[in-house]
Every structure is written in C-alpha cells, then in structure tokens.
Amino acid sequence: MTSVEEAEPSGFQRVVLTNASPYQYLKIRLVLEDERSRLSDVELKSFIIAGLKSLHGEVGAALNFDVLKYDEESLTALLRVYSRGLVKLWSSLTLQGFYQNQACAFRVLQVSRFTGISSLEEPLIYLLFHVTQKKRISHFPHYCHPLP
Amino acid sequence: MVRVKSRYLLCEVNVSNRSDLLLLDDRAVAAAVKAAVARMHGDYGAALCSIRFSVKYLNAHTGIVFLRFPKRCYKLLWSALPFITSIESRRLTIPCFLNCLHVGGTIRTCQKFLVRYNTKQLHRMLPKCKTEEEKQQVRQAILSCCLPGGNKEELEDDLESEEDEEDEEE
C-alpha cells in the first residue's frame with residue numbers, strides 16, 4: 001500500500017508505506033567486451049534467465065522478475081523482483097561471464113526497495129520508512145552509501 | 001568441540017517390479033540424487049550436494065535407503081528428491097520413485113523408526129492373511145530368523161523381507 005502525494009511545488013514527494021514493500025528493484029548495466037554490440041530487451045531477459053538456470057537450476061529459472069525499463073543504448077535496465085528472490089537473482093547476475101562467446105559483466109548500479117528515487121535520497125526515505133514503521137534502526141543497509 | 005551435524009533421510013525406493021531392486025547399488029542411487037539436485041537447483045545445488053552428501057545404507061532386498069545431507073541445506077536437497085523418476089544402474093534404467101519415511105538427526109533414531117515402522121506394517125498385514133495357514137507361515141518365518149544372539153539389524157531385515165513375501169501373496 002503506497003500513497004504518493006505531491007505536497008509542495010518544490011518537487012518534494014512524500015511516500016508513505018504502511019507495510020513493507022514486497023519488491024526489490026535493481027538497476028543494472030550490462031558491460032560487453034565488444035561495446036558496439038547491442039541486444040534487445042527480450043534477449044536481455046532470456047540471457048538473465050539462462051544465468052539463473054545454470055546457477056539455480058529449474059527452481060531458479062522459475063523465479064519471477066520483471067524488466068521494467070530498458071535502455072538499449074546504454075544497456076541499462078531496471079529489474080523488479082520479489083524480495084525473497086533478490087539473492088538468487090543478484091548472485092546469478094554476478095556469475096554471468098559470457099554472452100555469445102564474448103566476455104561480459106553485469107554492473108549492479110543500485111539496489112533499492114523503492115523505484116524512481118536517486119541513491120542520494122534513499123537514506124532519507126529509509127529513515128522515514130523506519131520511523132513510520134516504528135522500527136529500531138540498528139544499522140544502515142549498504143545501499144545507503146551511494147554506489148559509484 | 002561440537003560435532004558436525006547432518007540430517008539422515010530414511011527413504012524407500014518404490015519400483016513396479018520388485019526384482020529390479022536387486023540391481024540397485026549405492027553409487028547408482030547417489031548419482032541419481034546428484035543428477036536430480038543438479039537439474040532442480042543448478043550449480044548451487046550440485047555444490048551443496050558435493051560437500052557431505054552420501055548414501056549411508058542401501059538394502060537392495062527391501063529398497064530402504066539412508067541418505068546423509070548437511071544439516072544446513074537438507075531442505076533444499078530434499079526438495080529435489082521427488083523429481084527422481086529413474087535410477088540408472090549397470091547400464092539399465094530402473095523406473096522408480098523415492099518416498100521419504102523419516103528425517104532424523106542420527107542413524108540410530110532412523111533405525112529405531114525403521115524397526116517401529118516395520119512392526120506397524122506387519123501388524124497391519126497380519127489380519128489380512130486369508131487362511132490360518134498363511135498366518136502360521138509368517139509366524140514360522142519370523143521365528144526361524146530370530147537367531148539367538150543374532151544381530152538385531154539382521155532380524156529387522158528379515159522382518160522386512162517377510163513383509164515383502166506377504167505383499168506378493170496378497
């Protein structure tokens with residue numbers, strides 16, 4: 001349950017989560033050895049599924065995830081996955097080494113529970129989230145330090 | 001010191017043709033389990049399966065198997081067992097499935113369970129004997145294998161084979 005309300009004209013956006021969001025969002029970039037080669041969104045998804053299948057088998061290949069946004073020019077994609085599948089998806093992305101016999105790598109740019117929020121704003125949102133949830137903040141998660 | 005903990009799965013191998021059971025050996029079962037885990041859970045599962053997995057015991061007469069899994073990942077490995085549909089042994093493919101009867105922390109508890117389970121089965125089957133003669137036969141067979149000072153496990157195995165005969169008679 002998310003309610004978004006535009007409060008001030010200054011662009012301030014208030015996001016209130018009454019229960020934890022079930023998804024995690026990953027912003028990734030695919031780095032290929034041959035920088036001119038491009039791949040479509042369907043190819044990207046099938047490539048990720050192939051990686052999941054080799055590392056986590058058929059159980060992994062059945063994992064639900066979505067490619068929400070994909071930019072073919074920069075090979076950057078925004079993935080959405082259920083929180084419980086995050087570790088599987090992330091680990092298979094990390095171990096993906098070859099795309100059609102050329103070396104490749106996935107760079108995970110940002111991992112977040114919210115979408116459309118820059119990495120600088122995230123610690124604030126995280127704080128707000130915990131205050132509204134009345135949870136004790138024991139530590140800041142890694143994503144509160146913006147990744148390069 | 002703390003001992004390294006494992007989980008022992010007591011499974012029975014179900015085959016359509018009972019004589020196929022004699023073709024089984026522990027390496028064939030281990031290979032089948034590993035293949036199933038690798039298919040269902042990929043490289044990750046295969047790696048978990050290579051750490052401390054072993055087939056501890058296989059009774060080719062009754063089709064009872066003890067599988068040992070590391071405690072921390074036994075659920076994951078267990079989840080792949082239903083996907084075993086055949087075991088390849090001596091260049092023959094035996095269609096079968098594994099039925100898990102008990103999960104224990106030690107071989108001892110599994111063995112105790114097995115003895116209890118078999119007596120229960122026997123109690124279930126004895127009333128099904130149609131003639132007094134059949135009952136007598138079963139009793140005789142059980143008595144004949146109760147060797148004085150005999151190994152308990154042997155007794156248990158024999159008990160199981162009695163049951164099998166029972167099965168065939170029915």
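Biologist: In what order do the 5 strands of the open sheet in chain A stand?

Modeller: Strands are DSSP runs of E, at least two residues; helices are runs of H or I, at least four; both are numbered from the N terminus. Two strands pair if DSSP finds at least two bridges between them. Pairing in this sheet is antiparallel, and the order is β4-β5-β3-β7-β6.

Biologist: What kind of model is this?

Modeller: Residues are numbered from 1 along each chain as its sequence is written, while chains are lettered from A and ligands numbered from 1 in the order in which they are written. Local features need pLDDT of at least 70, side-chain atom pairs count only at pLDDT 80 or more, and totals for chains, interfaces and linings use all residues: this is a predicted model.

Biologist: Which are the edge strands of the sheet in chain A?

Modeller: An edge strand pairs on one side only. In chain A, that describes β4 (65–71) and β6 (98–99).

Biologist: How many bridges join β3 of chain A to β7 of chain A?

Modeller: β3 covers residues 23–32 and β7 covers residues 102–112. A:Leu32 stands opposite A:Cys104 in β7(A). The two strands run antiparallel, and the bridges between them number 8.

Biologist: At what angle does helix α2 of chain A run to β7(A)?

Modeller: Axes are lines fitted to C-alpha atoms, for helices over the stretch in contact (C-beta atoms, placed from the backbone, within 7 Å). Angles run from 0 to 180 degrees between N-to-C directions. Helix α2 (residues 86–94) packs on the sheet and touches β3, β4, β5 and β7 of chain A. Its direction makes an angle with that of β7(A) of about 145 degrees.

Biologist: Why is one side of β2 and of β4 in chain B left without a neighbour in the sheet?

Modeller: In chain B, 5 strands form an open sheet in the order β2-β3-β1-β5-β4, paired antiparallel. β2 (54–59) and β4 (86–89) stand at the edges, so each has a single partner strand.

Biologist: What is the average twist from one strand to the next in chain B?

Modeller: Take two strands of that sheet: β1 (residues 6–15) and β3 (residues 64–70) pair in the antiparallel sense over 7 bridges. From one strand to the next, the twist averages 35 degrees.

Biologist: How many residues does each chain give to the contact between A and B?

Modeller: The side of chain A that touches chain B has 2 nonpolar, 4 polar and 2 charged residues. Ala, Val, Leu, Ile, Met, Phe, Trp, Tyr, Cys and Pro count as nonpolar, Asp, Glu, Lys and Arg as charged, and the others, Gly among them, as polar. Chain A gives 8 residues and chain B gives 8.

Key
Contact = placed C-beta atoms within 7 Å.
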